[in-house]
Amino acid sequence: MILHPTVQSVTDRIIERSRVTRKRYLERTRSAYGQRTQRSILGCTNLAHAVAAEPVDSKSRLTATARPNLGIVSAYNDMLSAHQPLGRYPDWIKQAAFGAGGSAQFAGGVPAMCDGITQGQAGMELSLFSRDVIAMSTAIALSHQMFDAAVCLGVCDKIVPGLLIGALTFGHLPVVFVPAGPMPSGISNDEKAKVRQRYAKGEVDRAALLDSELRAYHAPGTCTFYGTANSNQMLMEIMGLHLPGASFVPPGTALREALTREAARHALSLAAGGDHFTPIADIISERTLVNGIVGLLATGGSTNHTMHLVAVARAAGVLIDWDDFSDLSAVVPLLARVYPNGAADVNQFQAAGGMAFLIRSLRQAGLLHEDVLTIMGRGLEAYVQTPVLRDRQLVWEAGPQVSADVSVLRGADEPFSPDGGLKLLRGNLGRAVIKSSAVAPEHQVVEAPARVFDSQAALLDAFQHGELDQDFVAIVRFQGPQANGMPELHKLTPALSVLQEMGHRVALVTDGRMSGASGKVPAAIHVSPEASAGGPLARVRDGDLIRVDARTGTLSVLGDPAWQDREAAVFDPQASSWGVGRELFSVARAQAAGAEQGACFFQWD
């Protein structure tokens, strides 16, 4: 297969840009390669502490130090539907590891907060920062020198990137990621969105809204829209950290259990001293990360990964930026229509051919690097196969050659769009990203007067009072990492959607984030530099003419150039919705100064 020249050129410049930092990371990591068992270098007292609570048979195996031991790091809690299934996994993993001749211990838990619960609430202020708490928690769990490999159990927004950043800190260890799978399909995402809009207009009451939401989110498993959680699973598979076909197998099924048990056995087989030693530092490379970006663009994945992938890459000594996303987006076709980019959910995506068909199509088009290392070995051939149970045995069979539903998933020869689902915007307002795949063509260019708000609550209040019945571009500023932790602003979506459906030309421009499920209204997000750092958004005033153009990649104030000479507005924490995160941010704002384009706060270099 001939690699697309743009994919090659972007990869080459990433390699050159990262030459020093990648070398430093690999030198540090490889100094720990090749030790058969980490615990063999522990003193007797240290080891005794680590095995004191183990059953006799496990204690004997662990103290002998001849067999590999697997560390389990989990984001389990029983409040979140996506993570509730993980509660059974440690026992399965321990049983499978012991049966394979090794052992496993629960190394540690990491926090898992849900943006769906905290959306529009004070707790959302902790959301982005939780990624780095998760990364540090993962590193702490793996710091005991007891483990020869690890499995990371996690699903949602910040959890998987945080687990991966932490695991890369211990890059000499093989690591396998284990998902929970999506819940069964409930009411359609379109129906859910319509009820939200009717509630925003006052046409239905809270009881009707709650009934709709309970029919959408109704069982254990991941939310079925294609937001950040399911984008995470796609990324872990296309970057070779999942077992093939593991991403979207539902919880509570025999296949899900079989894949979880096999993940434990497979992780042990990758440990140092065996024939297939595969440390995670060698898997997450420049080429692997480009494959991840290609997968994100081809599926119209979450805009949150324009931050998370940058941070993950930096944890591995690789420097990527939004220009890389933008240049790849110009040549990567959109192959999936999953909500919010279409009407389907991830269960329909899976039924249409899922990851095996997607990866096959991208390989055939020359858009994926084949010279990559995965937990399955060299190359991506294993990832065009599909797991099935035959006579209660887990096997992999050839994946589908054609899509079972071309309204959901297509090959690269008949894409939904010739370019990818994310675009970079540039102009005198700075740089931003937009999820163009979810925005109808007629809404991709908006030129209208600015309405400026310093919090999402202020915008919603103006909507409720009927002050926004007009064409406008909503400027919601002081929502970046240095201001209030960069909360998601998904709560704005129903109100802005109502105004758009009334026939108004509406767009959002913000230095904050939107949910991975947002996209119907054109939203220029992650504007950098942010307003609290003196960025241009701090100088915009009501009435300034703003142009948001997803076709040409433009984000600008039009007209009088003197607007740039105005005194910048200053962030007022009393005007924001600061709540539980106030004390945290007073400490963390200095750290956040390096957060433009997703820089990881938790890093060694």
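What pLDDT does the protein chain average, and what share of the residues score at least 70? The average is 91, and 94% of the residues reach at least 70. Keep in mind as you look around that this is a predicted model.

One stretch calls for some care. Over residues 580-605 the pLDDT stays under 50, and the model has 57 contacts beyond four places in sequence for that stretch. Where pLDDT is low, the predicted coordinates should not be read in detail.

**A helix with a lot of cover**

Let's start with helix α21, which spans residues 493-501. Of its 9 residues, 8 are buried, so the helix is largely enclosed by the rest of the structure. The buried ones are Thr493, Pro494, Ala495, Leu496, Ser497, Val498, Leu499 and Gln500. And what sits over them? Just after α21 comes Gly503, with a positive phi of about 105 degrees.

**Two helices that cross**

Two packed helices are described by the angle between their axes and the distance between the axes. Here, α11 (residues 228-238) packs against α14 (residues 286-299) at an angle of about 140 degrees, and the axes are 9 Å apart. That angle makes α11 oblique to α14, and their crossing is right-handed.

Which residues do the meeting? From α11 come Ser231, Met234, Leu235 and Ile238. On the α14 side, they meet Asn291, Gly292, Gly295, Leu296 and Thr299.

How many disulfides does the model have? The count comes to 0. Take Cys156, which is in no disulfide: the nearest cysteine sulfur belongs to Cys114 and is 6.2 Å away.

Is Cys156 buried or exposed? Its relative accessible area is 13%, so Cys156 is buried. Cys152 is buried too, with a relative accessibility of 0%.

**Some backbone details in the loops**

Most residues other than glycine have a negative phi, and most peptide bonds are trans. Against that background, a few places are worth a look. There is a cis peptide bond between Tyr339 and Pro340, with omega at about 15 degrees. You'll find Pro340 in the loop between α16 (322-329) and α17 (346-352). Another cis peptide bond joins Ser528 and Pro529, where omega is about 0 degrees. As for Pro529, look in the loop between the strands β14 (523-528) and β15 (545-549).

Then there are Gln145, which has a positive phi although it is not a glycine, and Asp391, which also has a positive phi without being a glycine. Here they are together:

| Residue | Phi | Loop between | Relative accessibility |
|---|---|---|---|
| Gln145 | about 60 degrees | α7 (127-141) and β3 (149-153) | 34% |
| Asp391 | about 55 degrees | β7 (385-390) and β8 (393-398) | 74% |

Are these two buried, partly exposed or exposed? At 34%, Gln145 counts as partly exposed, while Asp391, at 74%, counts as exposed.

How values were computed: Residues numbered from 1 in each chain as written. Predicted model: local features only at pLDDT ≥ 70, side-chain atom pairs only at ≥ 80, totals over all residues. Heavy atoms only, no water. pLDDT = per-residue confidence, 0-100. Contact = heavy atoms within 4.5 Å. Disulfide = S-S within 2.5 Å. Buried < 20%, exposed > 50% of the residue type's maximum accessible area, 1.4 Å probe, protein only. Axes fitted to C-alpha atoms, helices over the stretch in contact; angles between N-to-C directions. Helix = DSSP H or I, 4+ residues; strand = E, 2+ residues; numbered from the N terminus. Parallel < 35°, antiparallel > 145°, perpendicular 65-115°, else oblique. Left-handed = near helix turned anticlockwise from the far one by under 90°.
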